[in-house]
Amino acid sequence: MPDTLPTAPRRRDDPRAGPAAPGPPAPRRPGWIRPVLLPVGVAVAIGAIFIGVYLSAFHAPAARDLPVAVVGTSAEAATAAGRLPDHLPDTFDVRALSDRSAARTAVEHGEVFAAYVPDGGKAELLLAGAHGPSVNALLTDVFGTVAEAGGEQLTLVDAVPASDEDTRGLVVFYTTFGLVLAGYLFGIMTFQLGPGLTVRGRLGSLVAFGAVGGLAVASLVSAFGALPAPFLGIAGLVMLVATAVGASTMLLVRSSGVLGSSVAAVLFMTLGNATSGGSLPAEFLPGRLEPLSAVLPVGVGVRAVNGLAYFHGDGVVSGVAVLMAWTAVAAGGLLLLERSRRNHTPG
C-alpha cells in the first residue's frame, strides 16, 4: 500500500493555489486609422493632384515663346512680328533667317515650329504636320492674319508631314506612355510577386522587362506602319523609358512602401503624362510645369521618339542621356539601400 494518497487538484479560488499561470494575451483589435483613413486620404490626394495638374495644364492652353522664323532681315522679321494679333503678345519667339532653304531646314530639324516666307505679294508658311493639328491650326490662323495685314496671299507647305496612319498626331505619345504605365506596374509587382528576390535578380528582371517591352512596342508600331522610324531605334528608346520608370518605382517602393508607390504614381503617371508634350508641345504648358517636360521620362521619351521619326534626331541624344541617368541613379540607390539594410540586420 502506498505511503501517500493522491490529493485532489486545488481549485482556482482556493487561496492555497497560488497565482494562476498566465494565459495567452487577448488579441488586440486592429486600429481604424491606418486601414480606413489612410487609403481614403492617399486616394483622394492622388485624385486631387491629378485633377489640379490637368486643369492647370489644359483648362486654357496657350503657347509661350513658341519659336517661329521669318525669312528676311531682322527689321523685316520685326515688321512681321508687329502684325501678330495684339492678344498674343508673348506667344511667339520670332527669329530672322536668311533664306527659304535655311527656314525649311530649321522646320525639318525641329528648331522652329513654322517659317514665314514673304515674297512680294505672296507668302509661304512652312509647317510640320508632325507637330499635330492643334499646333498647326494656331499657326495657320495667326500667320493668315499676318499675311492679310501685309496684303499677301498665304500658301501652306507641310515640310514634315505626319504619318498617314497617325491622323491625330498621338502615336508618338501612345508609343512612349504605354511602357511608362507598364514600368510603374512592374516596379510594384516585382515586390508583390517576388518578395524574396535578391536586388540583383530584380535588376536582371528589369533589364529583361525593358528589352522585351521595347521589342513588343516596336513590333506593334511597325505592324501598324504608324511611325517612319527605325525599328531598333524605337525599341531602344522605349526600353530606356521603361527601365527608367521601372527602376525609379522600385526604389520608391523599396524605400517607402505604399507611400513610395503613391509618389511614383503622381510623378510618372500624373505629372509625367500631363507634361509629356504628347497632345500639345511643352511650350503650351504653364511656366511652372514646362521644365518637367525636359526632365521626366515621359516627356523626354516623347521628344526623342518624335525626333527619331520626324525631326532628324532632335532630342534623341539628350533623351538617351536623361533616361540612362534615371535608371543608373535608381539602380544605384536600390543597391545601396539593400546593402545598408543588410548591414543593419542583426545576426
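Helix H6 (residues 199-224) packs against H7 at an angle of about 140 degrees, their axes being 7 Å apart; helices here are DSSP runs of H or I with at least four residues, numbered from the N terminus, and axes are lines fitted to C-alpha atoms over the stretch in contact, with angles from 0 to 180 degrees between N-to-C directions. H6 and H7 are therefore oblique to each other, a label for whatever is not under 35 degrees (roughly parallel), over 145 (roughly antiparallel) or 65 to 115 (roughly perpendicular). The contact of H6 with H7 has 17 nonpolar, six polar and one charged residues (Ala, Val, Leu, Ile, Met, Phe, Trp, Tyr, Cys and Pro count as nonpolar, Asp, Glu, Lys and Arg as charged, and the others, Gly among them, as polar).

The model is predicted, with pLDDT of at least 70 needed for local features and 80 or more for side-chain atom pairs, while totals for chains, interfaces and linings use all residues. Residues are numbered from 1 along each chain as its sequence is written, and side-chain values use heavy atoms, leaving out hydrogens and water.

Within H7 (residues 231-256) sits Thr249. Thr249 is buried, at 0% relative accessible area (buried means under 20%, with a 1.4 Å probe and protein chains only). Its side chain reaches the backbone oxygen of Val245 at 2.8 Å. Leaving aside residues up to four places away in sequence, Thr249 touches Gly183, Tyr184, Gly187, Ile188, Ala264 and Phe268, contact being heavy atoms within 4.5 Å.

Helices H5 (residues 171-193) and H8 (residues 258-274) pack at about 180 degrees, with axes 11 Å apart, which makes H5 roughly antiparallel to H8. Tyr184 and Ile188 are among the H5 residues in this contact, and Ala264 and Phe268 among those of H8.

Definitions and conventions
Helix = DSSP H or I, 4+ residues; strand = E, 2+ residues; numbered from the N terminus. Buried < 20%, exposed > 50% of the residue type's maximum accessible area, 1.4 Å probe, protein only. Polar contact = N/O pair within 3.5 Å; in protein donor to acceptor, adjacent residues only side chain to side chain.
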